[in-house]
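I opened the model to look up its pocket, its helices and its aromatic contacts. My entries follow in the order in which I checked them.

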Amino acid sequence: KVASAAWGALKGTHGFVQKKLFEGEAPTLYRLRGDKYAHCYGSQKRGEQNLKWLAPYLTGGVLAGMAVFFIVIPISFNNNYTAAKKQYEAFERENAQYLENQFDRGQFSRDGRRRSE
């Protein structure tokens with residue numbers, strides 16, 4: 001019962017926003033009488049309702065995709081952060097000498113870091 005009430009409220013809100021933004025009359029400053037050449041071949045047919053029913057589903061799909069990209073994927077990559085960090089620290093301890101020799105010259109060497117500090 002609660003879910004159906006929430007779904008009805010969501011549907012009503014969507015219908016209101018849809019009418020206000022896309023179906024209602026535009027303010028007079030923004031009005032464009034685009035049907036001036038409606039009688040010509042190739043002009044836009046503004047009165048047709050062919051794919052209008054699909055807009056809420058497309059919008060929902062785009063929003064769901066964005067949620068997955070910005071919320072779910074970072075959380076899933078962060079799941080094994082502590083294990084990966086421990087593994088990296090163990091690798092760093094085991095290969096400390098090789099890692100020191102890799103940056104023994106230039107700005108990344110210990111001597112270069114001491115001079116800059």
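I looked up the largest pocket and found 14 residues in its lining, with Trp 7, Lys 11, His 14, Pro 56 and Tyr 57 nearest its centre. A pocket here is an open set of points on a 1 Å grid over the protein atoms alone, where a 1.4 Å probe fits, with protein on both sides within 12 Å along at least five of seven lines; lining residues have an atom within 4 Å of a point. The model is predicted: local features need pLDDT of at least 70 and side-chain atom pairs 80 or more, while totals for chains, interfaces and linings use all residues. Residues are numbered from 1 along each chain as its sequence is written, and side-chain values use heavy atoms, without hydrogens and water.

I noted that α1 and α2 (55–78) are the elements giving two or more residues to the lining of the largest pocket. Helix α1 gives the most, seven residues. I read the volume of the largest pocket as about 480 Å³, the space filled by probe spheres set on the points, which are joined across faces, edges and corners.

I then checked the helices (DSSP runs of H or I, at least four residues; strands are E, at least two). The protein chain has five helices and zero strands.

Is α1 buried or in the open? One of its 22 residues is buried, so α1 lies largely in the open. Buried means under 20% relative accessible area, exposed over 50%, partly exposed in between (1.4 Å probe, protein chains only). Of the 117 residues of the protein chain, 4% count as buried.

Last, I looked for aromatic pairs (ring centres within 6.5 Å; planes under 30 degrees apart are stacked, over 60 edge-to-face, the rest tilted; Trp by its six-membered ring). The count is one. Phe 69 and Phe 70 form an edge-to-face pair, 5.0 Å centre to centre with 85° between the planes. Phe 69 is exposed at 51% relative accessible area, and Phe 70 is exposed at 55%.
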